[in-house]
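Hello,

Here is the structure I promised to pass on. Please open it and follow along with the notes below.

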Amino acid sequence: MTQFHISAMRQRVTRALACTVVLTFFLTGQAFAHAALVASDPADGAVLAKVPTELSLTFDEPVSPLILKLIEPNGNGVSLGKPKLDGKRIVLDAPSSLGTGSYVLSWRVISEDGHPVGGAVIFSIGMPSSGATAEATEAIDWPLRIAIWLCRVLVYIGLFVGAGGAFFLFWFAGGAQAAHRFITGVSIAGLVATGLSLCLLGADALDLGLFSLAEPKVWATALSTSYALTAFFASVSMLAALWALYSRAPREARAASALAMVGVGLALASSGHAAAANPQWLMRPAVFVHATAVAFWVGALAPLAALFVGKDEATGPALRRFSVIIPYVLAALLAAGIALAIVQVGHFPALVSTAYGRVLVAKLALVALLLALAAFNRWRLTKPALAGDARAERRFIRSVAGEIVLVTAILCTVALWRFTPPPRALADAAPVPPVSVHIHAERAMASITVSPGRAGPVSVSAFVVGGDLEPLDAKEVTLSFSMPSAGIEPIRREAHKLDQGQWRVDGLRLPVAGRWNVSVDILISDFESVTLKSEITLR
């Protein structure tokens, strides 16, 4: 009977894994990452009148630069100095030797949640180069992606089934040997997968393939990311679980299994797009609670099934204790999950319009089935099984096996989030429309446009006309921005002339969102000038 149930469980888990591999290709068609470029200076597609003094990239969260290349119009690379980090900005000194033509600033960074992302910004000096320019696209390395996904699934199983199983055995089943070998096996597999996950992250960050895993720079890069802390806590958790399983001292085993559970929460709260989101005071504790609650629930399944199959005398007490505690654990799990979903998704349409949302919907559907099955176990099978009803015991074992299959499918689905940015990140990265203001005076008028219309690096264009509404051939145009409420004195920039009446300022940084005072000083002739004033609001 034991061999039959174990074989059936293995077959169902294998089918769930196969189905989720197919789901991977359906739900994630693009190589996404979790930090997003929100602005650049020069802006993508900008045509500059002269060589900029610096190059900058602004992201929606702090990042660590990995690869920064400037490609000349002839395809050769330009040497760039050491980048400077300014909050969410990466700043580079622009080479003074740049000539006329189109340049590609290619970048690859590690985001705060430990995931790599790359892209390119194209700008021109003087006039664009003839011929086509490269597009900022990123190819998908499918073998590397599948390896990352599979290792992530094994890490989850090692944490939830391994650490959670050890905790259940020593805190609820009196140290019974049920599923001992199984929990040991998944813990060891999780440990190996943790090391591989870290190495694969380094290869992905450097845009290298599977055959680069032995290179020192791959490991050095991986260890510099926030995921290294996750790997550390995950390893501690699974080692503690193994320590508990092979300890001969009951108190030591209980302490080690408790440490393993704490390690689960710390591992998943140390990195990842949910843990890195704001507000941090809510998100990291929510991830910790959610992860430990999952480990408590999932870790109990295999030992419970093994206890019933083996007719162990610890079955009844273990199931009674578990039945008392699990409603409170599920309540904490659902509360934390709802908080995480609200912050990450933001608005309901994102559930179907984004890859992240579709993965969440798939997960929620599987969780609903799992909760229904768990409710059936609790209200229909637990009491008869504890009373010794043989038929109820068999149904309970089959039902728990079904829960294990559903949990496997859920973990396989959740691992897809490694490749899908949350809607909150997409919203931050979405193009921000420019903001404009039209200023009138008797001798002159000006239309001022700030792009993008948010605080940070911006470009400002000014179209100046005379009282006759014809383009004004001014001698000089100077723009000034100030925000007295924030204590910001006027930031003055002399505009460069593009054409008659058309002026532009590039490389301007307006650091604070809100209402700015804008002033346009127009030198019409050596003896006449006009000053136009208004306000403009930035997001």
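Strand β15 (residues 496–499) is joined to β16 by 3 bridges, and the two run antiparallel. Lys497 stands opposite Trp503 in β16. Look at the hairpin of β15 and β16 too: 2 residues lie between the strands, and Gly501 takes a positive phi near 85 degrees. Bear in mind that this is a predicted model.

β16 (residues 502–510) also pairs with strand β12 (residues 456–466). Here 7 bridges join the strands, which again run antiparallel. Find Ser461: its bridge partner in β16 is Arg504.

Next, an open sheet. Its 4 strands have the order β1-β3-β7-β6, with antiparallel pairing. Which strands stand at the edges? They are β1 (37–41) and β6 (84–86). Each has a single partner strand, so one side of each is left without a neighbour in the sheet. From one strand to the next, the twist averages 20 degrees. β1 is joined to β3 (residues 54–59) by 4 bridges. Within that pair, Ala39 has Thr58 of β3 as its bridge partner.

Now the helices. Two packed helices are described by the angle between their axes and the distance between the axes. Helix α3 (residues 180–205) packs against helix α4 (residues 216–223) at about 100 degrees, with the axes 7 Å apart. α3 and α4 are therefore roughly perpendicular to each other. On α3, the contact residues include Gly195, Leu198 and Cys199; on α4, they include Val218, Trp219 and Thr221. By class, this contact of α3 with α4 has 8 nonpolar, 3 polar and no charged residues.

Best wishes

Terms used. Residues numbered from 1 in each chain as written. Predicted model: local features only at pLDDT ≥ 70, side-chain atom pairs only at ≥ 80, totals over all residues. Heavy atoms only, no water. Axes fitted to C-alpha atoms, helices over the stretch in contact; angles between N-to-C directions. Parallel < 35°, antiparallel > 145°, perpendicular 65-115°, else oblique. Contact = heavy atoms within 4.5 Å. Nonpolar A, V, L, I, M, F, W, Y, C, P; charged D, E, K, R; others polar. Pairing = 2+ DSSP bridges.
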